Amino acid sequence: MNTKAKTVLWLVNKSPPLFQEPGNHGFHGCYPPTGEEVLLQFHGYHHHLQEATNLQSSVRDSVKLVVEDIQQWWGRTGIEIKSWPALESMVNGDIDKLKLLKKWRNKETEPEIKRREDFLLKLRNTFWVVQPSYEKELSRLHATTTDKRKLEDWMYLEGVRGGSRTATLGALDVQLRKRQKRRLLTEQSEAERRRAGEDVSFATASEKVGDNDSDKSDDDTTYTLPLPGPSSKK
(Lines give C-alpha, C1' and ligand atoms only; values in the text may rest on other atoms or scores of the structure.)
Protein backbone atom coordinates (compact mmCIF):
# COMPACT_ATOMS: atom_id res chain seq x y z
CA MET A 1 0.00 0.00 0.00
CA ASN A 2 1.28 3.48 -0.85
CA THR A 3 2.48 5.65 1.99
CA LYS A 4 1.79 9.37 1.85
CA ALA A 5 4.20 12.23 1.38
CA LYS A 6 4.43 14.91 4.03
CA THR A 7 3.81 17.62 1.45
CA VAL A 8 0.13 18.45 1.03
CA LEU A 9 -1.02 19.37 -2.46
CA TRP A 10 -2.46 22.86 -2.55
CA LEU A 11 -6.23 23.18 -3.03
CA VAL A 12 -6.74 19.41 -2.96
CA ASN A 13 -5.44 19.40 0.63
CA LYS A 14 -4.21 15.82 0.39
CA SER A 15 -0.74 14.26 0.21
CA PRO A 16 0.47 12.51 -2.95
CA PRO A 17 1.49 8.85 -2.61
CA LEU A 18 5.13 7.86 -2.23
CA PHE A 19 6.60 5.35 -4.68
CA GLN A 20 9.61 3.91 -2.90
CA GLU A 21 8.87 0.20 -3.25
CA PRO A 22 8.56 -1.81 -6.48
CA GLY A 23 5.02 -2.72 -7.43
CA ASN A 24 3.19 -0.19 -5.27
CA HIS A 25 2.19 2.04 -8.18
CA GLY A 26 -1.04 2.11 -10.15
CA PHE A 27 -4.72 2.47 -9.25
CA HIS A 28 -6.01 -0.42 -7.18
CA GLY A 29 -9.48 0.64 -6.02
CA CYS A 30 -12.74 -0.99 -7.03
CA TYR A 31 -13.81 2.26 -8.73
CA PRO A 32 -12.13 4.00 -11.65
CA PRO A 33 -9.76 6.80 -10.59
CA THR A 34 -11.14 10.28 -9.99
CA GLY A 35 -9.55 13.45 -11.28
CA GLU A 36 -8.20 14.04 -7.79
CA GLU A 37 -6.56 10.62 -7.66
CA VAL A 38 -4.98 11.17 -11.09
CA LEU A 39 -3.58 14.54 -10.01
CA LEU A 40 -2.20 13.13 -6.75
CA GLN A 41 -0.71 10.18 -8.64
CA PHE A 42 1.08 12.54 -11.00
CA HIS A 43 2.60 14.58 -8.17
CA GLY A 44 3.66 11.40 -6.39
CA TYR A 45 5.46 10.16 -9.51
CA HIS A 46 6.96 13.58 -10.22
CA HIS A 47 8.37 13.90 -6.70
CA HIS A 48 9.80 10.38 -6.85
CA LEU A 49 11.41 10.83 -10.29
CA GLN A 50 12.85 14.22 -9.38
CA GLU A 51 14.59 12.67 -6.39
CA ALA A 52 15.71 9.58 -8.29
CA THR A 53 17.19 11.54 -11.22
CA ASN A 54 18.57 14.52 -9.30
CA LEU A 55 15.92 16.85 -10.80
CA GLN A 56 16.57 15.62 -14.35
CA SER A 57 13.15 14.10 -15.01
CA SER A 58 10.43 16.01 -16.84
CA VAL A 59 6.72 16.49 -16.31
CA ARG A 60 6.17 14.33 -19.40
CA ASP A 61 7.95 11.39 -17.71
CA SER A 62 5.48 11.48 -14.82
CA VAL A 63 2.48 11.99 -17.08
CA LYS A 64 3.52 8.89 -19.04
CA LEU A 65 3.42 6.78 -15.88
CA VAL A 66 -0.01 8.11 -14.91
CA VAL A 67 -1.43 7.38 -18.38
CA GLU A 68 -0.07 3.83 -18.16
CA ASP A 69 -1.85 3.42 -14.80
CA ILE A 70 -5.11 4.71 -16.28
CA GLN A 71 -4.89 2.35 -19.24
CA GLN A 72 -4.09 -0.58 -16.98
CA TRP A 73 -7.08 0.06 -14.70
CA TRP A 74 -9.61 0.53 -17.48
CA GLY A 75 -8.10 -2.37 -19.43
CA ARG A 76 -9.66 -4.73 -16.87
CA THR A 77 -13.14 -3.59 -17.87
CA GLY A 78 -12.73 -4.21 -21.60
CA ILE A 79 -14.43 -0.85 -22.25
CA GLU A 80 -12.99 1.20 -25.10
CA ILE A 81 -11.18 4.31 -23.86
CA LYS A 82 -9.53 7.32 -25.47
CA SER A 83 -6.18 7.25 -27.25
CA TRP A 84 -2.83 7.81 -25.54
CA PRO A 85 -2.45 11.42 -26.84
CA ALA A 86 -5.96 12.25 -25.65
CA LEU A 87 -5.24 10.87 -22.17
CA GLU A 88 -1.98 12.81 -21.99
CA SER A 89 -3.83 15.98 -22.95
CA MET A 90 -6.44 15.40 -20.22
CA VAL A 91 -3.82 14.85 -17.51
CA ASN A 92 -1.78 17.85 -18.63
CA GLY A 93 -4.92 19.97 -18.69
CA ASP A 94 -5.61 19.34 -15.00
CA ILE A 95 -1.95 19.92 -14.09
CA ASP A 96 -1.93 23.27 -15.90
CA LYS A 97 -5.29 24.25 -14.40
CA LEU A 98 -4.01 23.65 -10.88
CA LYS A 99 -0.87 25.68 -11.61
CA LEU A 100 -2.96 28.58 -12.88
CA LEU A 101 -5.28 28.54 -9.89
CA LYS A 102 -2.31 28.38 -7.54
CA LYS A 103 -0.75 31.38 -9.24
CA TRP A 104 -3.80 33.44 -8.21
CA ARG A 105 -4.32 31.76 -4.84
CA ASN A 106 -4.11 35.08 -2.98
CA LYS A 107 -7.00 36.53 -4.97
CA GLU A 108 -10.26 36.27 -3.06
CA THR A 109 -12.58 37.66 -5.69
CA GLU A 110 -15.88 35.92 -6.27
CA PRO A 111 -15.01 34.71 -9.81
CA GLU A 112 -11.67 33.27 -8.64
CA ILE A 113 -13.26 31.46 -5.70
CA LYS A 114 -15.90 30.08 -8.06
CA ARG A 115 -13.18 28.76 -10.39
CA ARG A 116 -11.50 26.92 -7.51
CA GLU A 117 -14.78 25.40 -6.36
CA ASP A 118 -15.69 24.26 -9.87
CA PHE A 119 -12.28 22.65 -10.35
CA LEU A 120 -12.50 20.83 -7.02
CA LEU A 121 -15.95 19.54 -7.96
CA LYS A 122 -14.59 18.30 -11.29
CA LEU A 123 -11.71 16.52 -9.55
CA ARG A 124 -14.09 14.60 -7.29
CA ASN A 125 -15.75 13.02 -10.30
CA THR A 126 -14.50 10.00 -12.25
CA PHE A 127 -11.65 10.91 -14.58
CA TRP A 128 -13.76 10.19 -17.65
CA VAL A 129 -11.69 8.49 -20.34
CA VAL A 130 -14.36 6.47 -22.19
CA GLN A 131 -14.11 6.74 -25.97
CA PRO A 132 -16.94 9.16 -26.98
CA SER A 133 -17.90 7.15 -30.07
CA TYR A 134 -18.32 3.97 -28.02
CA GLU A 135 -20.27 5.80 -25.32
CA LYS A 136 -22.55 7.29 -27.98
CA GLU A 137 -23.12 3.84 -29.46
CA LEU A 138 -24.07 2.43 -26.06
CA SER A 139 -26.38 5.37 -25.39
CA ARG A 140 -28.17 4.73 -28.66
CA LEU A 141 -28.47 0.96 -28.29
CA HIS A 142 -28.87 0.29 -24.58
CA ALA A 143 -32.69 0.44 -24.59
CA THR A 144 -33.12 -2.01 -27.48
CA THR A 145 -29.94 -4.06 -27.75
CA THR A 146 -29.88 -7.80 -27.12
CA ASP A 147 -26.09 -7.72 -26.82
CA LYS A 148 -25.58 -8.53 -23.14
CA ARG A 149 -22.00 -7.30 -23.15
CA LYS A 150 -22.90 -3.84 -24.42
CA LEU A 151 -25.82 -3.61 -22.02
CA GLU A 152 -23.49 -4.44 -19.13
CA ASP A 153 -21.00 -1.83 -20.31
CA TRP A 154 -23.71 0.82 -20.38
CA MET A 155 -25.04 -0.05 -16.93
CA TYR A 156 -21.54 -0.08 -15.48
CA LEU A 157 -20.64 3.32 -16.97
CA GLU A 158 -23.86 4.82 -15.63
CA GLY A 159 -22.90 3.46 -12.21
CA VAL A 160 -19.45 5.11 -12.10
CA ARG A 161 -20.25 8.39 -13.81
CA GLY A 162 -19.77 11.58 -11.80
CA GLY A 163 -19.10 11.61 -8.06
CA SER A 164 -21.84 9.32 -6.67
CA ARG A 165 -20.52 5.94 -7.78
CA THR A 166 -22.24 2.65 -7.08
CA ALA A 167 -20.97 0.13 -9.64
CA THR A 168 -17.77 -1.67 -8.70
CA LEU A 169 -15.40 -3.55 -10.92
CA GLY A 170 -12.29 -4.73 -9.09
CA ALA A 171 -9.76 -7.53 -9.46
CA LEU A 172 -11.73 -9.75 -7.06
CA ASP A 173 -15.15 -8.79 -8.35
CA VAL A 174 -17.26 -11.81 -9.35
CA GLN A 175 -19.09 -9.86 -12.03
CA LEU A 176 -15.78 -8.92 -13.62
CA ARG A 177 -14.78 -12.57 -13.96
CA LYS A 178 -18.15 -13.37 -15.50
CA ARG A 179 -17.83 -10.47 -17.95
CA GLN A 180 -14.33 -11.53 -18.95
CA LYS A 181 -15.46 -15.13 -19.44
CA ARG A 182 -18.39 -14.05 -21.62
CA ARG A 183 -16.10 -11.81 -23.67
CA LEU A 184 -13.67 -14.67 -24.22
CA LEU A 185 -16.45 -17.08 -25.23
CA THR A 186 -17.90 -14.49 -27.63
CA GLU A 187 -14.51 -13.83 -29.21
CA GLN A 188 -13.85 -17.57 -29.55
CA SER A 189 -17.26 -18.11 -31.15
CA GLU A 190 -16.69 -15.29 -33.64
CA ALA A 191 -13.23 -16.65 -34.49
CA GLU A 192 -14.69 -20.12 -35.11
CA ARG A 193 -17.37 -18.68 -37.41
CA ARG A 194 -14.71 -16.80 -39.36
CA ARG A 195 -12.60 -19.94 -39.69
CA ALA A 196 -15.64 -21.94 -40.81
CA GLY A 197 -16.35 -19.33 -43.47
CA GLU A 198 -12.75 -19.45 -44.66
CA ASP A 199 -12.86 -23.27 -44.87
CA VAL A 200 -16.01 -23.14 -47.03
CA SER A 201 -14.44 -20.56 -49.33
CA PHE A 202 -11.27 -22.64 -49.63
CA ALA A 203 -13.22 -25.82 -50.38
CA THR A 204 -15.25 -24.05 -53.08
CA ALA A 205 -12.10 -22.64 -54.64
CA SER A 206 -10.46 -26.10 -54.59
CA GLU A 207 -13.45 -27.62 -56.39
CA LYS A 208 -13.22 -24.98 -59.11
CA VAL A 209 -9.51 -25.66 -59.57
CA GLY A 210 -10.22 -29.40 -59.78
CA ASP A 211 -12.86 -28.83 -62.46
CA ASN A 212 -10.45 -26.69 -64.49
CA ASP A 213 -7.74 -29.35 -64.23
CA SER A 214 -10.21 -32.00 -65.43
CA ASP A 215 -11.13 -29.86 -68.43
CA LYS A 216 -7.47 -29.29 -69.27
CA SER A 217 -6.71 -33.03 -69.18
CA ASP A 218 -8.98 -33.51 -72.23
CA ASP A 219 -7.30 -30.69 -74.13
CA ASP A 220 -4.07 -31.54 -76.04
CA THR A 221 -3.23 -27.89 -76.64
CA THR A 222 0.11 -26.78 -75.16
CA TYR A 223 0.35 -23.30 -73.69
CA THR A 224 3.61 -21.42 -73.32
CA LEU A 225 3.81 -18.76 -70.59
CA PRO A 226 5.66 -15.55 -71.54
CA LEU A 227 8.97 -15.17 -69.71
CA PRO A 228 9.63 -11.91 -67.90
CA GLY A 229 11.82 -9.46 -69.78
CA PRO A 230 15.12 -8.12 -68.45
CA SER A 231 14.80 -5.76 -65.50
CA SER A 232 15.26 -2.08 -66.25
CA LYS A 233 16.94 -1.58 -62.85
CA LYS A 234 20.74 -1.37 -62.87
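Me: What share of contacts between residues at least 6 apart in sequence joins residues at least 24 apart?

Reply: Contact means heavy atoms within 4.5 Å. In the protein chain, 61% of the contacts between residues at least 6 apart join residues at least 24 apart. This is a predicted model: local features need pLDDT of at least 70, side-chain atom pairs count only at pLDDT 80 or more, and totals for chains, interfaces and linings use all residues. Residues are numbered from 1 along each chain as its sequence is written, and side-chain values use heavy atoms, with hydrogens and water left out.

Me: Where is confidence lowest, and where is it highest?

Reply: Read pLDDT as the predictor's confidence in each residue, from 0 to 100. The protein chain averages 79, and 71% of the residues score at least 70. E1 has the lowest mean, 52, whereas H3 has the highest, 97. Over residues 214-234 pLDDT stays under 50. For that stretch the model has 0 contacts beyond four places in sequence.

Me: In what order do the elements run from the N terminus on?

Reply: Helices (H or I, at least four residues) and strands (E, at least two) are DSSP runs, numbered from the N terminus. The order here is β-β-α-α-α-α-α-α-α. That gives 7 helices and 2 strands in the protein chain.

Me: Which residues have the most contacts inside the largest nonpolar core?

Reply: In soluble globular proteins, nonpolar side chains tend to be buried together. A nonpolar core is a set of buried Ala, Val, Leu, Ile, Met, Phe, Trp, Tyr and Cys residues joined through side-chain atoms within 4.5 Å. Buried means under 20% relative accessible area, exposed over 50%, partly exposed in between (1.4 Å probe, protein chains only). The largest core has 35 residues, and those with the most contacts inside it are Leu 39, Ile 70, Trp 74, Val 91, Tyr 156 and Leu 157. H1, H2, H3 (84-103), H4 (110-124), H5 (132-141) and H6 (148-160) each supply at least two residues of this core. H2 gives the most, with 6 residues.

Me: Which residues does Leu 157 touch, not counting those up to four places away in sequence?

Reply: Leu 157 touches Trp 74, Ile 79, Trp 128, Val 130 and Leu 138.

Me: Where does Asn 13 lie, and is it buried or exposed?

Reply: Asn 13 lies in the loop between E1 (3-4) and E2 (17-18). Its phi is positive, about 60°, although Asn 13 is not a glycine. Asn 13 is exposed, with a relative accessible area of 62%.

Me: And where does Leu 55 lie?

Reply: Leu 55 lies in the loop between H1 (35-52) and H2 (59-75). Its phi is positive, about 70°, although Leu 55 is not a glycine. Leu 55 is exposed, with a relative accessible area of 58%.
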